[in-house]
Amino acid sequence: MVDLESEVPPLPPRYRFRDLLLGDQGWQNDDRVQVEFYMNENTFKERLKLFFIKNQRSSLRIRLFNFSLKVLSCLLYIIRVLLDPPPQGNKWYHIFWVTRCLPLWGLQVSVALISLFETVLLGYLSYKGNIWEQILRIPFILEIINAVPFIISIFWPSLRNLFIPVFLNCWLAKHALENMINDLHRAIQRTQSAMFNQVLILISTLLCLIFTCICGIQHLERAGKKLTLFDSLYFCIVTFSTVGFGDVTPETALSKLFVVIMICVALVVLPIQFEQLAFLWMERQKSGGNYSRHRAQTEKHVVLCVSSLKIDLLMDFLNEFYAHPRLQDYYVVILCPTEIDVQVRRVLQIPMWSQRVIYLQGSALKDQDLLRAKMDDAEACFILSSRCEVDRTSSDHQTILRAWAVKDFAPNCPLYVQILKPENKFHIKFADHVVCEEEFKYAMLALNCICPATSTLITLLVHTSRGQEGQQSPEQWQKMYGRCSGNEVYHIIMEESTFFAEYEGKSFTYASFHAHKKFGVCLIGVRREDNKNILLNPGPRYIMNATDTCFYINITKEENSAFKNQDQLRRNNASRSFYHGPSRLPVHSIIASMGTVAIDLQDTSCRSASGPNLALPPEGSKETRRPSIAPVLEVADTSSIQTCDLLSDQSEDETTPDEDVSTNLEYAKGYPPYSPYIGSSPTFCHLLHEKIPVCCLRLDKSCQHNYYEDAKAYGFKNKLIIVAAETAGNGLYNFIVPLRAYYRPKKELNPIVLLLDNPPDMHFLDAICWFPMVYYMVGSIDNLDDLLRCGVTFAANMVVVDKESTMSAEEDYMADAKTIVNVQTLFRLFSSLSIITELTHPANMRFMQFRAKDCYSLALSKLEKKERERGSNLAFMFRLPFAAGRVFSISMLDTLLYQSFVKDYMISITRLLLGLDTTPGSGFLCSMKITEDDLWIRTYARLYQKLCSSTGDIPIGIYRTESQKLRTSESRETASQSQISISVEDWEDTKDSKEQSHHRNNHRNSTSSDQSDHPLLRRKSMQWARRLSRKVPKHSGKTAEKISQQRLNLYRRSERQELAELVKNRMKHLGLTTVGYDEMNDRQGTLSYILINPSPDTRLEVNDVVYLIRPDPLAYLPNSAPSRKSSICNTTGPDTREETQL
């Protein structure tokens, strides 16, 4: 072993790996020379260069010393001029010779020697092979002129009094100052400011011009008027300012020539400097400058990062952000890569915003721009995606990079990110708050089909308002609707609350009911101190704890409320009047004023401890009296809570053999085994035991498994829900999941038909093939045949999703043009169809179901303008399509992200309401309809008690539909006009039926009765209208208007018949039956609106839809935990099916 080691020579210290590969020869016999490499050459010249030029700090000291020398030489020149005696004798002699004392001469010679030595040394160190380049430089020439004569005077004493233009050293001082500033920026590692440098150059150039002119004129006038330095200064200022008094003028030809030269130089140099300064100033205005470090440390600010800033986006953000009182002192720094828009610039010049909003042009991917915005000191960073891009995936990628860049630069800055597509959400899981647009959009559209106007409900909840909208309107519904729109979600610790502190140790439903009864607030959820999950309506078995966080809906938060007793109110305000009617405002009203609410409390001292005992009104027409509503118990009793109503309904559906089709359909419950994207929240759903083949998902084409080719052939028991979209994106998966959630009764599941412009991907079909009654069809809403094949004639809802390809247009607001026109066509063809539309811009909602001559729509347009002038953030809320929940824009949900800065729980609560997240023990949003049999409950408070005491549901609002004709007939004139119009329609109906029956008897062989009776109907109707016009008194001033209105109604009815004839002909051509097509049912005579958290004494009306938060049914099952953990992948067998079914 030792011999082997001795034979192998050791490797040299700097031996390379290449030598190991080559090596037969030893390194001792290698004739190569080892060379040492240094970072800098170890020579005297390089050491000097390192000290004078390369080293930042030493170079800065050298330039500062050089600048001081030049300034000192100028000061010595001024001292020499002041000490120079008045010239006498030959005038030309005094131009070339001056009087210079010996000490002054010595100082000037010393300064000249040092300056010349430094100049030569720096020229030698910077020499790069061309000596003429160094010699012909202007600074070097000036240095030679000012220093060499002094050095010559050392050896030639007679030249000591020779005039030397030392004042030209001011230009060398200017050059040294510029170099010194550059070295200063390098030394302190600070970004150089072009504006600062340009201003410095301009000021120094102007000073050098003035100083040179002063000294030059003073010296040349030694042969003339013998001006002093002050007179020369006065002359230069008057001359350069173009005032020209003329009291001081040069006399000698040389001085006049010098003035001409200086003016020419000033006319050339100064405009160039001013132009560069103006250009830099304009560029600075575009880029926005910097947000100073001092302001960032003393003031609070947030940063808004966007790709392009539009005026609507900016105003939505500013109005919502500054709606909260504690954010009034915050500054908003906008970081945008594009140049500021003209409209945005105009808005930011308004004093209200100019003092609080700072626009910076820059990119979030550059640390330099993030430093300008002081991102590391910001309270929060909002990153918004550009939804108007054609490629929304690319827009998401840009948002992801911005989020990564901000997180890398400022790890402690809270991030609020908006993303468009759900498949990109997992890239930004680190963000504090994330809103995925397509997730919320499709979930909201899905709930709109089950709970009407859910989109309007959520939009009103996430907008900040004081409930002052519509209060000056003469119509009662607008006052109630506008007032209730001011309700928002707030939170408070239970032990700190006046609303809920007395309900510690009691059940959740007891606390919710009594808080609403006493204070008018609606308790919807809680959160334990040791748990971050929010529980919406955890049910009557949940016992309230003092440390719980309570979430409630109210007109304002409790901290801004003042409480007054009912007795005190009666003494102080005995003559107070209230609204009356079937939907009057509460007796214990909630009065909103400047953010503070006075809540008048009812006297509850005479109430029994067991709760209120609400008696029924006497009903003489009935022999027996219905039982009264049971009180809400403080602690839940198992026998008194109907926790299995939902489950029993589902079990009855499974065991009732009503139809052959329903008996063959058996569904399991479990988690979907396949999700189309990463990051989707698991939801317990109705699923099939086995996934159906992909070919069976196609609605309009038969396959080997079924022979159906249209929706009617399937024989669905419930009406369809049709979704018209451009592509089957991953967000569309969130439309299906809420409609197939486990808490939906099986007998109420609606078939879902996806009407897609483009064929879906296979991975999307693999995800939806586990859900029951979900189909797709390739077609467009532009094509009437495609609409008829997919079953639009017997659909419950038609959901029209905004197409991505139309979101980008040359004119921004034209992005919705195609969608609006298509929906208007659907509205005219199928007037009874409930159409839910998504738009890009909220301002375009006024075009939905547009009628050019509808007076009431014009009145609502004027009301919207008035509300906008009053500063309302919800001016569009009175538009009938929005109030009814038939249209919404996803941009209205941007406020959800902005509001989460103050209310960090809003995104979680919204996701729970929409069914995007499911937390064990948390309730879900549903609705119930008030029928005539339910009117014995009478008021909203009694309904609250009934639900809390029976099923544990918590009502949060009412969706009300009213007749528009009864509402508009307020004056005698309008009342008589409406009566005539009603009589016209009634006569039309009777006359139409007679004509149709008579015409059918005369034309039995006709294939379509509508084609033949249409001209006769129009002729008879016009004759009747003329007869009616003769009966009207001639003195009536409104006769012509009434007749025109009647004729318009007749023409409108005839037009609808023509459209109905077109639809029926197409249905016959396609082989579809026309049974069930109701062409005359039009909803233009009704309006719908939402009352969020109405007053307890609000009267219930027929067809009211009540929004409920129902407790989780699985929370009360003993085997709920294992059943919820099971998946559909394990439910194919009979044993596991019993585990997952409820």
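Trainee: Why does Arg-1110 count as partly exposed?

Mentor: Its relative accessibility is 25%. Buried means under 20% relative accessible area, exposed means over 50%, and partly exposed is in between, with a 1.4 Å probe and protein chains only. The value 25% lies in between, so Arg-1110 is partly exposed.

Trainee: What kind of model is this?

Mentor: This is a predicted model: local features need pLDDT of at least 70, side-chain atom pairs count only at pLDDT 80 or more, and totals for chains, interfaces and linings use all residues. Residues are numbered from 1 along each chain as its sequence is written, and side-chain values use heavy atoms, with hydrogens and water left out.

Trainee: What makes Asp-953 and Arg-1110 a salt bridge?

Mentor: Their side chains meet at 3.2 Å, N to O. A salt bridge is a side-chain nitrogen of Lys or Arg within 4 Å of a carboxyl oxygen of Asp or Glu. The distance of 3.2 Å is within 4 Å, so the pair qualifies.

Trainee: Which parts does this pair tie together?

Mentor: Asp-953 lies in the loop between helix H34 (940–950) and strand E23 (954–963), and Arg-1110 lies in strand E25. Those parts are 157 residues apart in sequence. Helices (H or I, at least four residues) and strands (E, at least two) are DSSP runs, numbered from the N terminus. Asp-953 has 2% relative accessibility, so it counts as buried.

Trainee: How many salt bridges does a search of the whole structure find?

Mentor: It finds 24. One of them joins Glu-438 and Lys-421, with the closest N and O atoms 3.3 Å apart. Glu-438 is in helix H19 (residues 437–450) and Lys-421 is in the loop between E5 and E6, so the pair ties together parts 17 residues apart in sequence. Both residues are buried.

Trainee: How do you know that Lys-421 is buried?

Mentor: Its relative accessible area is 10%, so it is buried. Lys-421 also touches Arg-392, Thr-393, Asp-396, Cys-436, Glu-438 and Glu-804, leaving aside residues up to four places away in sequence. Touching here is contact: heavy atoms within 4.5 Å.

Trainee: How far apart are the closest N and O atoms of Asp-700 and Arg-698?

Mentor: They are 2.8 Å apart, in a salt bridge. Both Asp-700 and Arg-698 are buried.

Trainee: What is said of Arg-740, which has no salt bridge?

Mentor: Arg-740 is buried, and the nearest side chain of opposite charge, Glu-748, is 10 Å away. Lys and Arg count as positive, Asp and Glu as negative; His and the chain ends are not counted. Arg-740 sits in the loop between helix H26 (733–739) and strand E17 (752–756).

Trainee: What does the side chain of Arg-740 reach?

Mentor: It reaches the backbone oxygen of Asn-750 at 2.7 Å. A polar contact is a pair of N or O atoms within 3.5 Å; within protein, one must be able to donate a hydrogen and the other to accept it, and residues adjacent in sequence count only if both atoms are side-chain atoms. Arg-740 also touches other residues, among them Cys-685, His-686 and Phe-771.

Trainee: What makes the nonpolar patch a patch?

Mentor: Its members are Phe-65, Leu-113, Ile-114, Ile-154 and Phe-155, with about 490 Å² of accessible area together. Helix H6 (102–125) and helix H8 (138–155) each give two or more residues. Patches take residues with over 30% relative accessible area and no salt bridge: like charges are joined within 9 Å, nonpolar side chains (Val, Leu, Ile, Met, Phe, Trp, Tyr) within 5 Å. Ile-114, found in helix H6, has 40%, so it passes the area cut-off.

Trainee: Why is helix H21 called mostly covered?

Mentor: In H21 (residues 476–484), 8 of its 9 residues are buried. They include Trp-477, Met-480 and Tyr-481.

Trainee: What about the chain as a whole?

Mentor: Of its 1142 residues, 51% count as buried. The chain has 40 helices and 25 strands. It exposes about 55,300 Å², and carbon and sulfur atoms supply 55% of that. Accessible areas come from the Shrake-Rupley method with a 1.4 Å probe; for residues, only the protein chains shown count as cover.
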